Each structure stands twice: as C-alpha cells, then as structure tokens.
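Visitor: Please put the model on the screen. I would like to go through its charged pairs and then one of its hairpins.

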Amino acid sequence: MGGEAGSAAAVGSEGRVKSLGLVFEDERKGCYSSGETVAGHVLLEAAEPVALRALRLEAHGRATAAWGPSPGAAAPAAASEVEYLNVRLSLREPPAGEGILLLQPGKHEFPFSFQLPSEPLVTSFTGKYGSIQYCVRAVLERPKVPDQSVKRELQVISHIDVNTPALLTPVLKTQEKMVGCWFFTSGPVSLSAKIERKGYCNGEAIPIYAEIENCSSRLVVPKAAIFQTQTYLASGRTKTIRHMVANVRGNHIASGGTDTWNGKTLKIPPVTPSILDCCIIRVDYSLARSVSSVVPFQ
C-alpha cells in the first residue's frame with residue numbers, strides 16, 4: 001500500500017486520483033436489518049501524490065413522497081420527507097494543526113464500520129410517487145478541486161413476524177353477488193371463502209377454501225387475486241395505486257351448479273414486504289375473491 005505524509009509543505013499539486021471505490025465486507029449479503037453492523041473498505045488508487053483535507057463516510061436513509069400539480073389544478077406540488085438514518089464517520093484527516101494530508105502514489109484501503117439503529121428501520125422501496133432508500137457514500141475532500149465521491153445503495157428489510165396471534169387468525173368471508181349485464185339481472189351467486197391465517201411470506205402458497213353456488217341464469221367463473229396497494233401522503237394530500245400481483249381462477253360453473261375449492265393454492269410472487277410503519281408511504285396486500293359471468297356473443 002502507498003504511504004502517507006503529514007506535511008502540507010510537501011504538497012506541490014493536488015495530484016490525480018486514478019480510482020475511488022467502496023466495497024462491503026460481505027458483498028453477498030442482500031439486505032440489512034435494524035441493529036446490524038455495516039462494514040467494508042473505501043479503496044483509493046493514486047496515480048501521483050494526492051493532497052486531501054479529509055476522507056469521510058456518510059450513510060443516509062430517508063423516505064420521500066412527492067408529485068407535481070395535476071394539469072389544470074390549483075393545488076401546488078406535494079412533497080414530504082422522513083429521515084431514518086444519518087451517520088458520518090471520519091476515515092482519514094490531517095494531523096492536528098495541519099490542514100492537508102498527503103497520500104503517496106499507490107493503492108490505499110480505509111476500513112469502516114457502523115451499526116444501524118436498533119429501532120425498526122423501514123423496508124427499502126421504490127414506487128411511482130415515492131421511495132424509501134438507504135445509501136453509503138465515501139467523500140474525498142481536496143484543496144482547490146471539487147470533492148470526489150462514490151456511493152453504494154444499501155438494501156434494508158424490516159422483518160414482520162407472521163406468527164403473531166393477530167396474523168395467525170383465520171379469515172372467513174361470505175357474500176352474495178347479483179350477476180347481470182347492463183339493466184338486466186340474471187340472479188345471485190353466493191360465495192363463501194376462507195383462508196387459514198392473515199400473514200404470509202414471499203414464495204408461500206395460500207390455500208383457499210371456498211363454496212360457490214350459482215343461482216343465476218348465466219355461466220360464471222370464480223376467481224381470487226392478491227392486490228398490492230401503495231399509499232403516498234405528502235403535504236396533506238394522498239395518492240393511491242392498486243394493482244394485481246397474482247391470481248387464480250376456478251372452473252366454469254353452469255346455472256344452478258356449485259363448485260368447491262378445497263385448499264386451491266394461490267402462490268405469492270416475489271414482492272416488497274408490507275410497509276406499515278412509515279408515516280408517508282404504506283404498502284399492504286389484500287386477497288379478493290370474485291365471480292364474473294361469461295356472456296356469449298357472436
């Protein structure tokens with residue numbers, strides 16, 4: 001590794017930095033959680049002697065929600081921000097009483113380590129009207145030239161315990177729907193559905209138990225779907241996005257017929273975990289059951 005000299009008088013020019021990089025100690029680690037340690041190295045390669053005022057490490061995490069004004073609307077743009085992480089470390093600085101440190105040509109490594117807050121951190125997320133992002137940044141402060149920096153994203157996940165009593169509670173729903181087309185009603189379809197618990201994880205399959213009775217005069221198809229709902233709050237206003245992430249359908253049921261789902265499975269795809277502890281961004285999931293009529297036409 002290259003050496004260091006503390007004398008400001010030895011600096012004849014600002015020098016050229018060939019590369020500045022940042023690596024984590026475990027590059028295979030996909031996500032971090034509250035209370036865990038983030039460690040790594042800042043890598044600097046100097047092509048010639050480099051004068052610096054400081055080398056520091058910053059870690060930031062914040063949620064932001066924002067959108068512009070609607071066309072023709074009087075309401076201004078909306079924006080809100082919440083900070084979750086703010087860390088600042090000095091990795092290298094001149095000796096006391098000296099304003100400049102000289103790095104000799106060669107490769108230099110500067111280790112860093114900091115602990116994430118013990119209180120729950122909100123899961124990383126990026127959506128249409130906002131995001132929850134964490135990053136680690138190394139900043140090289142140099143005299144007479146702009147600061148140089150390198151940044152890496154830090155993925156954070158807040159684990160939800162799906163084994164709590166509230167999430168282990170079964171859910172039963174019964175409803176009756178009138179099936180029709182325009183102004184003509186062809187009769188009711190009754191649907192009773194049950195799932196064994198409220199909480200599930202990515203990759204799990206949800207067994208659905210259902211009884212469907214078609215008392216209408218039409219052919220109907222039962223369906224179940226998982227919907228993700230994103231809610232953004234900024235400047236006292238709200239934006240909501242809802243879209244389907246997975247679905248399953250049953251067999252056609254003729255008029256007067258019935259169908260039974262005895263644990264028909266609906267697999268949860270890789271999705272962002274529920275975000276319930278952020279005051280400006282919320283992500284949650286719901287299971288919807290429905291029936292639709294099959295209308296013949298020529």
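Visitor: Which residue meets R282 in a salt bridge?

Guide: The model is a predicted one, in which local features need pLDDT of at least 70, side-chain atom pairs count only at pLDDT 80 or more, and totals for chains, interfaces and linings use all residues. Residues are numbered from 1 along each chain as its sequence is written, and side-chain values use heavy atoms, with hydrogens and water left out. A salt bridge here is a side-chain nitrogen of Lys or Arg within 4 Å of a carboxyl oxygen of Asp or Glu. At 3.1 Å from N to O, the partner of R282 is D284.

Visitor: Are R282 and D284 buried, partly exposed or exposed?

Guide: Buried means under 20% relative accessible area, exposed over 50%, and partly exposed in between (1.4 Å probe, protein chains only). R282 has 36% and D284 has 23%. Both values fall in the middle class, so R282 and D284 are partly exposed.

Visitor: How many residues apart in sequence are R62 and E81?

Guide: Their side chains meet in a salt bridge at 3.3 Å, N to O. Strands are DSSP runs of E with at least two residues, numbered from the N terminus. R62 lies in strand β5 (residues 54–67) and E81 in strand β6 (residues 78–92), so the pair ties together parts of the chain whose separation is 19 residues.

Visitor: Why is strand β15 described as largely enclosed?

Guide: β15 covers residues 219–234 and has 16 residues. It is largely enclosed by the rest of the structure because the number of its residues that are buried is 13.

Visitor: Which residue in the turn between β15 and β16 has a positive phi?

Guide: Two strands pair if DSSP finds at least two bridges between them; 12 bridges join β15 to the antiparallel β16 (residues 237–249). A234 has R237 as its bridge partner in β16. The hairpin leaves 2 residues between the strands, and the one with a phi of about 50° is S235.

Definitions and conventions
Helix = DSSP H or I, 4+ residues; strand = E, 2+ residues; numbered from the N terminus.
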